[in-house]
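Colleague: I'm new to this one. Could you walk me through how it is put together?

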Amino acid sequence: MSTGLPIIIKLEGVEKTLGGQPVLKGVTLDIPKGKITTIIGPSGEGKSVMLKHIIGLIRPDRGRVIVDGTDLTRINEQELNDLRKKFAMLFQSAALFDSMNVFDNVAFPLREKRMVAEQEICRWVPEMLERVGLGKMGHKFPAELSGGMKKRAGLARALVMGPEIILFDEPTTGLDPLMAHAIHDLILAMHKTFGFTGIMVSHEIPEIFPISDWVAMLKNGKIIAMSPSEEFQQTADPVVREFISVNNGIHLAPV
Amino acid sequence: MMILLQGIGKRALFLMEEMGAMFVFLIRTFGWLFRPPVRIVQIIKQLYVVGFKSSFVVILTALFTGMVLALQGYYSLRKFGSEGLLGSAVAISMIRELGPVLASLMVTARAGSAMTAEIGIMRITEQIDALETMAINSLQYLITPKVVASLISVPLLVAMFDVVGIWGGYLVGVKLLGVSGGSYWSSIESAVEWKDVYGGILKSISFGLIISWVCCYKGYYTRMSAEGLGRATTESVVLAAVLILVWDYFLTSVLM
């Protein structure tokens, strides 16, 4: 599916079988640069698996994953590590290191990768925490945070290295609707500030439409539709229509 | 009959695969051990967790092992009228065999299971994936400090075990059962050779490797569930303990 925009990530016929079960059956997808692209689809269809292919956590059985002109499937560990410097990922569970407090979690990639002076870190990290709404939470440990706060901290950690591409694996799963809305707003605001390419996997329909530039749907291991967000909501494709209208709550029985 | 054969075959294949995966894991870990950056802070932290925090339980078990050895030894030796050799009997069995094996088993139970659980939880909650996405090799960051710390601290704990155990033997043999203190120590001095000590050190280093290797492997490849984590922890302790005993037999027969 061509978007007519500069492409930063290309998936070509990606196939993956996990535990004897074919999950991806030839995913072909172009991700436009500098936009937020959201991938929707039924649970257990391999959306997260697809996301992990993009950052090389999982290698495909067949097909190619091309990031900025580099084929991820043909490079060694060192080259993959270099390529990953473009990326950040916000995990479903936020994946904060629970042996460290929030401040150290956010500072972690800076300390590991950049040899930044500690004074700089002490300036940057609180600023980043302020931006995501965790101004006074730096000293708390992940176990003391609510689900929403964990996601915020995870987002701060993802943003702190100034990545070109951020992957969001169901950023609002397990949050109440208000908190989910707040996280979506935050992602949008951060996108406006930092201009990264965002790739999001989500169930939150219709919440994701206003924050996404492009929407794609993964079903039966393939991308069956992709279009700009406004067009996607008006689609004539019956399968897509059914999925988004059920999730809109239109099919709920009247009370 | 076919089903039985199939079952055996499947199990054998699975075992082969697992053994292969374990060796690959070990080799990759060693590959990362010698690449910069050296994780000094992590290593010190692990030395504290594996070494220092295991020392109390090691001292406790060593004391009672030494005491019971003296008790048993005394009753056997008395039959031949050679209670004077009690010191050497306690010291040699401590240094050659019981020190390395029992101390390592205690470290397995105390620190090895914790290693598996910690790494396993990090796997389940995607913290290991998070490390990888930050372009940090998880083997180097998580596993190599634990291996280095075990290689250093297990021999030290074993040395401690030996000393406390011999002293526990002294307590029971000399203070309680009335063996002469002079003959207790002099029999140790005349019977224990450098070869015994050297063998014990060699054993303890290899046990340190077995503990960290098995326990880290089981944690690193935990199945993605709470049940998987429980199973991984159990399996790591059992496998490490069995491997320690089997390897101990081989080393003893070679070092004789």
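**Domains, fold and partner**

Colleague: How many residues of domain 1 of chain A are in contact with domain 2 of chain A?
Modeller: Contact here is having C-beta atoms, placed from the backbone, within 7 Å. On the domain 2 side of chain A, eight residues take part, and on the domain 1 side the count is ten.

Colleague: Which helix gives the largest share of that domain 1 side?
Modeller: Keep in mind that this is a predicted model, where local features need pLDDT of at least 70, side-chain atom pairs count only at pLDDT 80 or more, and totals for chains, interfaces and linings use all residues. Residues are numbered from 1 along each chain as its sequence is written, with chains lettered from A and ligands numbered from 1 in the order in which they are written. Helices are DSSP runs of H or I, at least four residues long, and strands are E runs of at least two, numbered from the N terminus. Six residues of that side come from residues 177-194 of chain A, which is helix 6.

Colleague: Where does domain 2 of chain A lie in the numbering?
Modeller: The bounds come from an automatic or database domain assignment. Domain 1 of chain A takes 1-86 + 165-255, and domain 2 takes 96-162.

Colleague: What is the radius of gyration of chain A?
Modeller: It's taken over C-alpha atoms, and the globule rule is 2.2 Å times the number of residues to the power 0.38. For 255 residues, that puts a compact globule near 18 Å, and chain A agrees, at 18 Å.

Colleague: How many residues of chain A are in contact with chain B?
Modeller: Chain B brings ten residues to these contacts. Chain A's side has 15.

Technical notes: Two residues are in contact if their C-beta atoms, placed from the backbone, lie within 7 Å.
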